[in-house]
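Student: I would like a close look at one residue and its surroundings. Please set it against the chain as a whole before turning to the detail.

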Amino acid sequence: MKRTVSMAVTALIFVCVILSGCTGAYDKSPDQIKKARWATPDYSFIINPTDDCKGTYKFDGKKYNIRVEFKNSNLTAYDTDNKNTELFNADWMYEDKDLYIYNISFNTKDYKNFKTNYSEFVTLKKEKI
């Protein structure tokens, strides 16, 4: 009985490890796509890969000038007006040619107003410039 349970748990762990590594492999990350920018429909979040991934993020009536770094399937947004302090980090993937950013984790230690920012995901569309 112990052996059967042990084998079942081992198989379950193996399947979980395989599935967790199944993030899509893309030809280009969003920062490698030039002559375009990524923006939400209301322009509250904009990333411009042509300009070193600089952009803006708007929340609660305040506009933050940001620079975004993409590393594998993760991204980090830095506040360029505040000594490149991390504003938030998240995961990303493409979804129907759009940039889908999810699992957003805001820096509520340095930005107290983000405690009321409940955005967990956002979709940015590619716009030609």
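Tutor: Accessible areas here come from the Shrake-Rupley method with a 1.4 Å probe, and for residues only the protein chains shown count as cover. On that basis the protein chain exposes about 8,700 Å², of which carbon and sulfur atoms supply 53%. This is a predicted model, in which local features need pLDDT of at least 70 and side-chain atom pairs count only at pLDDT 80 or more, while totals for chains, interfaces and linings use all residues. Residues are numbered from 1 along each chain as its sequence is written, and side-chain values use heavy atoms, with hydrogens and water left out.

The protein chain has one helix and eight strands, taken as DSSP runs numbered from the N terminus (helices H or I, at least four residues; strands E, at least two). A closed barrel of eight strands runs S1-S2-S3-S4-S5-S6-S7-S8 with antiparallel pairing, where two strands pair if DSSP finds at least two bridges between them.

S4 pairs with strand S5 (residues 74-79) in the antiparallel sense over six bridges, and Asp79 in S5 is the bridge partner of Ile66. Leaving aside residues up to four places away in sequence, Asn65 touches Gly55, Thr56, Tyr78, Asp79, Thr80 and Asp81, contact meaning heavy atoms within 4.5 Å. With Ala77, twelve residues away in sequence, Asn65 has a C-alpha to C-alpha separation of 9.6 Å.
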